[in-house]
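Hello,

Here is the structure we talked about. Please open it and keep it in view while you read my notes below.

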Amino acid sequence: MEFTREIYWNVGHNAGTLVPMYLFAFTAIGLLVRGFLKRIEIYKQGLPLIRTDQPARRLLHMLGNVLLQKKVARVRWPGLVHGFFFWGFVLLFIGTTLIVVQADFTDLFFDMKFLKGTFYLLFSITLDVAGLVCIFMLGGLLVRRYFFAPEGLETKKDDAIMHGLLLTILCTGFLIEGSRIAVTELGTPLSYWSPMGLLVAKGIAGMGEGGLRAMHKVLWWTHFSLVMSFFTLIPLTKFRHIFTTSTNYFFDDLGPKGKLVNLDLENEEAETFGVTNVKEMTWKDIFDADACTLCMRCQDRCPAFNTDKPLSPMKVVNQLGEVAFTNPEANLVDTFGKDVLWSCTTCRACQEICPAAIEHVKKIIDCRRAMVLMEGEFPGEEVMTAMEATEVNGNPLGIGYAERGDWAAELGIKPLAEDAEVDILYFVGCYGSFDKRNIAVAKSFVGLCQAAGVKVGILGKEEKCCGEPMRKMGNEYLYQTLAMENIEVINSYGVKKIVTTCPHCFNTLEKDYRDLGFAIEVEPYVVFLEKLIASGRLQIDARELSCTYHDSCYLGRHNDLYDAPRALIKAAGGKILEMDKNRAEAFCCSAGGGRILAEEKIGERINVKRVKMAAATGAENLISNCPFCLTMFEDGVKGAEVEDALRPKDIAEILAERVV
Amino acid sequence: MKILVCIKQVPDMESKFKVDDGGTWYAKTDLAWRMNEYDEYAVEQAVQLKEQVKDADLTVLCIGGDQVKETMKKALAMGCDRGAHVADGDSSGKEPYQIAGIIAEYAKDKNFDLIFTGMQSQDRGSGQVGLLVAEMLGLPGITTVVHFAYKDGVIEAKRELEGGVKACVNVAAPAVITCQLGLNTPRYPTLPNIMKAKKKELLSIPVDDLLKVESRQETARMYFPEKKGGGLVLEGDAAELADQLVKILKEKTAVLG
């Protein structure tokens, strides 16, 4: 006997079944398509944006994340449960499709059956197990959502529909299988290849063939109708994420990571700058809202949200969607709220974890641009003062520009204007140049270079703020002015390589300046120093060092540099007591996104919270790699009252203390 | 309504100042330039008045070399309609009476309803120009204004006096107003306004056409104050600090007899 089964058993493979079945199916699929076409009209309210270039790379990125559930599984348990459910669901979908293909296509037209023999056995057991896995995973997710919901998890009607519908479909599936097995397979070896179906069959076998057949027929049509309802519900409920979230990976920003779009400020036609209206966002920004599954991962990691500020990245994304669908004329800045928009530190924790490839930060900056460029508004007067100071003196601290290079004079470091024959141009940045605490870091870095025989030059009074805080605050005009001036000066000296100690400078020169025609190699000091040590040019005496390490947002999430700084600390003899939130999950110091210029007026202080995390490790030193972080931590140790126990330091300092 | 606002370009006060070779003014190397702080209040107030009365024409006037045009552009971006640049490569060599004379000569036949300026400049700080302009034009001059309201041709102003006391003044336009810190918060120019400012009228007038008065005073010498002592920061715990303090008081003063 060959292993197989009669497709359409009991319901009949005839016009009486097929005509209503296919009518129903085509209607459902038609409704599904219509639902999405309607949504596409909404996405198209946004501005054009090309996200279909490099299709092969995009497809690979999408498949990696959809099939392997890479990002979903970053949060282990719910992620794995979702992953297993996904795969069960995929297998059931493939299995059902195979049945349709054989019964109504290959067998019908070519007399060809493939669901037989060994393949049928594998098919049978695979689907049986897949169904069981789906029920367990869905049950698990249901219990989590309705009985052990993490704080803040929003549960809507959509969730009830999704859980209810899918569970009913899965259970009716097993009952249908069970009743079929009870009548046709009980006692045959074939039944063992459907263990779950067999179990059900044994349970209901007592109903007798007549009852079983009647129940089978009713359930078959119920099951089928529910599946068709599922199709029609996809565009109307959160089920839509099956399509939107997966395609959002295809439309993902391929990088450079986090780089903002340059505004064309020379465009005389432009009447507005930045975004206040959903029609000034791109279609992708609206699509993002449809890709969101409200999983809350962004919000859970947002430093603003977690210190009682009004910002939730998830809320911003969903409000944008709501506006696009219900009230496209609404003012987005008012919809989100100004305090919400100013609270973002652009730390990228939201985007890094988002399993739907949503771009949160860009939307916030777009709105900030409108506030600054169209209204001259800032989160506070102190920020406006810093902007004006930067216009006048090229630094937000307001110190006379001519003193910018004074710190380096005693080290014998000359500005390029006096000596342009150097190995590297050290782009010092404002804090390294003017802030007493960070001048110590700049000196340490220069000391390390000198110990390794690297000739360093600076721009001195010709250097200006890289423009990063201004740009992130929305002041694109000031950013571009500063950038153009810096680029012109740097280019005039024929510099070969630039090294930075500030990750904000690095990110800006390495990514943002490229859009303005800047072509010189830029390297962050951690990478530069690691190479010097590896090549033996720089010798470090490893001495005991009790420390924890803070990944700055702009070296970490924005540039994926997690190992080089750790290697340097190791070379210095440090054993890092990691904080719970480290690497891509690191908690921001509060000063990104131009917030270094602003007072933190709402909620708990982010820097104090981070310092407390560092203090909890019991380490004596809090090592970081960013002047903003260092500034915030020097302040934070006072706020957390751990001044005596915990010393904030920069990597350059601990290395300089141990140079041979 | 016709409004004039007079501004001056001054060095940023955070700059490192040196006395120039002539010994009568500061050297102009390594300085960052900006709008005189008090003139920013004047521009803001003038723009607010223009926005209030709607039908107004606002001229910004500045005396100096070509580099002052940058500062004038900021005033234009803040909302002034046109610029009158009095081209003078040696404006810092002119004393307040001459500066006032230039402004008065420019304004005398133009029937301005209101003239705003800062109560003093951050660099010379004479505080004379506004009042001298008023005097030369025969207009009432109200100085150190910290509150300004305008209704039906009447100005209601508050002047800051010593010790936190304020004087309330009502005066009919035309008049000259000099502005003090606290009057308003100058706006940050929006990008469309910065763009528009680039296209606004900015006419240069040679200073010789307007300078009709003789100087009355001369700067004899400019110098840094002589260093006489300085602050002393004591460090240590409270008991130690007390001892140190007593010691200093005994040695250097007579308070402990």
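Predicted model: local features only at pLDDT ≥ 70, side-chain atom pairs only at ≥ 80, totals over all residues.

Four strands build an open sheet, and their order is β2-β1-β3-β4 (chain A). The pairing is parallel. Strands of a sheet pair through backbone hydrogen bonds, either parallel or antiparallel.

Which strands sit at the edges? They are β2 (456-457) and β4 (521-524) of chain A. Each of these edge strands pairs on one side only.

Now look at β1 (residues 424-427) of chain A. This strand and β2(A) pair in the parallel sense, over 2 bridges. For a place to look, find Leu425(A): opposite this residue stands Gly457(A), in β2(A).

Two helices pack on the sheet. One is α21 (residues 503-510) of chain A, which touches β1, β3 (497-500) and β4 of chain A. The direction of α21 makes about 155 degrees with that of β4(A). The other is α22 (residues 525-534) of chain A, which touches β3 and β4 of chain A. Here the angle with the direction of β4(A) is about 85 degrees.

Next, the contact between the chains. Chain A puts in 19 residues and chain B puts in 15 residues. On the side of chain A that touches chain B, the elements giving two or more residues are α15 (360-375) and α16 (381-393) of chain A. Which element gives the most to that side? It is α16(A), with 5 residues. By class, the side of chain A that touches chain B has 11 nonpolar, 4 polar and 4 charged residues.

Best wishes

How values were computed:
Residues numbered from 1 in each chain as written. Chains lettered and ligands numbered in written order. Pairing = 2+ DSSP bridges. Contact = placed C-beta atoms within 7 Å. Axes fitted to C-alpha atoms, helices over the stretch in contact; angles between N-to-C directions. Nonpolar A, V, L, I, M, F, W, Y, C, P; charged D, E, K, R; others polar.
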